[in-house]
Structure formats: C-alpha cells, structure tokens
Amino acid sequence: MNIQFVRNIQFTRVIKAHQRLREFNFLKHNTEPYSYFSVDTVDDRGNRITFSMFDTNGKWRIKEVPVIPEWIYEEEPKLHNVIMEETL
C-alpha cells in the first residue's frame, strides 16, 4: 500500500489594492493536470470576490471572469509575487 502526501498551501496576505489595505486569502488546489490557486477578497461594500489564478508560462494569471472588478486585474503582478514568495 503506497500512501502519497500532498502538502496543502493556504495563506493570507494584506495587500494595498484600490487605495486600501485588503486581505487576500489564497488556497492551492492540487488537481490534475494543473494545480491552481483560488483567491478571495472583499470589495468596499463587504461583498466577497472569488477568482482563480493559473500558472501560465511561469506567471500566475487571473482566469478571465467577467464579474471581477478592474482593480483586481491591476493588482495581478502583486498577487503573482505573493504566490511566488509563498511557494518557494
């Protein structure tokens, strides 16, 4: 019997986005054939915003979803850097 352990990666970071400090929660999903991060944060009204980030040629990119505010797309490089810091 062969048991394989997969490390769960879950972390929270506070990032300045859209002129405010915001808490971003990251959870890595180890699915085949690609692993990805689900990320969530809140907007100014307290509504939860959830989106996914996939590794595309060494860069963590937000999966195109029409309901995500533009300010989240503007912070994509910061989110990429946070994921790289945590996973190295």
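**Entry 1: the start of the chain.** I began with Met1, which is exposed, at a relative accessible area of 97%. For my own record, exposed means over 50% relative accessible area, buried under 20%, and partly exposed in between, with a 1.4 Å probe and protein chains only. Met1 sits in the segment before β1 (10-17). Together with Ile3 and Phe5, Met1 makes a nonpolar surface patch of about 510 Å² accessible area. Nonpolar side chains (Val, Leu, Ile, Met, Phe, Trp, Tyr) are joined within 5 Å, like charges within 9 Å.

**Entry 2: ground rules.** I noted that the model is predicted, that local features need pLDDT of at least 70 and side-chain atom pairs pLDDT 80 or more, while totals for chains, interfaces and linings use all residues. Residues are numbered from 1 along each chain as its sequence is written, and side-chain values use heavy atoms, with hydrogens and water left out.

**Entry 3: the whole protein.** I found 2 helices and 5 strands, in the order β-β-β-β-β-α-α from the N terminus. These are DSSP runs numbered from the N terminus: H or I of at least four residues for helices, E of at least two for strands. Of the 88 residues, 34% count as buried. The accessible surface is about 6,500 Å², with 47% belonging to carbon and sulfur atoms; areas are Shrake-Rupley values with a 1.4 Å probe, and for residues only the protein chains shown count as cover.

**Entry 4: the core.** Which residues touch the most other members of the largest nonpolar core? I got Phe24, Phe26, Phe37, Phe51, Met53, Ile62 and Leu79, out of 20 residues. Such a core joins buried Ala, Val, Leu, Ile, Met, Phe, Trp, Tyr and Cys through side-chain atoms within 4.5 Å. Beyond four places in sequence, Phe37 contacts (heavy atoms within 4.5 Å) residues including Ile9, Phe11, Trp60, Ile83 and Thr87.

**Entry 5: Ser38.** Is Ser38 buried or exposed? Ser38 is buried, with a relative accessible area of 19%, and lies in strand β3 (residues 36-42).

Conventions: Patches are made of residues with over 30% relative accessible area and no salt bridge: like charges are joined within 9 Å, nonpolar side chains (Val, Leu, Ile, Met, Phe, Trp, Tyr) within 5 Å. A salt bridge is a side-chain nitrogen of Lys or Arg within 4 Å of a carboxyl oxygen of Asp or Glu.
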